[in-house]
Amino acid sequence: MDIESALDALGVRPTDLRPEERAALDKDGFFARQGVLTPAECDGMGAAFDRLSAAEGARGGHEVHIEPTASRVSDIFNKTDAFDRCLAIAPVLAAARHLLGPFKVHGANLRDPHKGGGHQDIHVDVPKNRPDDWWVLNAIFAFDDITLENGPPRAVPGSHRWAPINVPYVNVGDWTPQPLSPEDAARVPADLAAPYPGEVFFTAPRGSVLVLNSCTWHGGTRNVGGARRRVLHLTYTRRDLPQQLVQRAHLTPGLYDRMSQAMRWLLDIDDEGTVDPAMLRSAARASKRGDWWA
């Protein structure tokens with residue numbers, strides 16, 4: 001299978017990405033679309049988030065990253081089918097095709113910043129080797145209204161064209177930064193937590209999605225009001241790059257069985273139509289014990 005046949009099987013067309021969205025992704029590094037999830041879907045996904053978060057407690061997100069001031073859950077598709085709908089959002093998949101070429105699922109992490117918490121230093125998620133060397137696209141699905149009071153994401157328009165800013169404690173994967181040119185060094189603020197000139201905030205009703213080139217300078221902000229702000233960060237990467245969470249290493253029979261061939265290919269769990277049965281048996285035993293980190 002290849003990317004064109006996979007997207008064709010899923011009913012995704014280039015026209016699913018609107019011209020103005022494509023232009024914004026190229027120029028600003030991000031765009032937003034409202035109404036990709038229904039209120040009922042947001043209710044169901046929010047409830048699933050709460051169940052998983054309550055079960056995992058302080059270990060939530062341990063497969064990837066634990067954040068002291070936010071509730072997190074990772075490896076979500078092996079734990080529930082509640083978020084499967086987010087894998088089939090046509091404008092997101094069309095945007096990933098536009099930005100990355102042949103791509104696969106990179107990671108999927110739920111996040112809800114606590115009251116007074118959630119603020120991040122401004123950062124990028126991945127490096128790049130050339131000016132247009134895009135590695136990851138991040139789609140942030142909102143299950144609750146995102147307001148200025150409950151910790152909206154911030155992003156700096158056009159900053160995906162700048163040198164990547166390396167902040168190890170918030171970068172999913174650290175890398176060794178290259179020396180910056182004087183022009184690039186001048187852009188790096190003395191206080192990475194402070195507001196950045198020209199930054200914008202993503203506020204939107206629940207059911208919306210923010211699609212972000214992960215080379216864009218961005219970060220979470222503080223939830224000052226305390227209202228829930230549950231989101232899914234669903235990321236995609238080029239097929240020649242590693243996944244954040246290696247899906248084959250965590251694969252459960254339930255996930256494998258309910259996915260179509262095209263979706264298995266996008267999840268990178270079945271390139272040639274076969275999966276190691278021993279891996280599935282081991283995952284099944286872990287699933288019955290509830291040891292998602294085993």
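Student: In this predicted model, is Asp268 buried or exposed?

Tutor: Buried means under 20% relative accessible area. Asp268 has a relative accessible area of 14%, so Asp268 is buried.

Student: Which residue does the side chain of Asp268 meet in a salt bridge?

Tutor: A salt bridge needs a side-chain nitrogen of Lys or Arg within 4 Å of a carboxyl oxygen of Asp or Glu. Here the partner is Arg239, at 3.5 Å from N to O. The two sit in distant parts of the chain, 29 residues apart: Asp268 in the loop between H8 and H9, Arg239 in the loop between S9 and H6. Arg239 is partly exposed, at 22% relative accessibility.

Student: How far apart in helix H5 are Glu183 and Arg187?

Tutor: They are 4 residues apart, about one helical turn. Their closest N and O atoms are 3.2 Å apart, in a salt bridge. Glu183 is exposed, with a relative accessible area of 53%.

Student: Where do the buried residues of H3 fall, seen down its axis?

Tutor: The buried residues of H3 include Cys42, Phe49 and Leu52. Down the axis, the buried residues fall within an arc of 165°, so they line one face of the helix. They pack against strands S2, S3, S4 and S9. The face turned away carries exposed residues, among them Pro39 and Arg51.

Key: Residues are numbered from 1 along each chain as its sequence is written. This is a predicted model: local features need pLDDT of at least 70, side-chain atom pairs count only at pLDDT 80 or more; totals for chains, interfaces and linings use all residues. Side-chain values use heavy atoms; hydrogens and water are left out. Buried means under 20% relative accessible area, exposed over 50%, partly exposed in between (1.4 Å probe, protein chains only). The arc is that of the directions from the helix axis to the C-beta atoms. Contact means heavy atoms within 4.5 Å.
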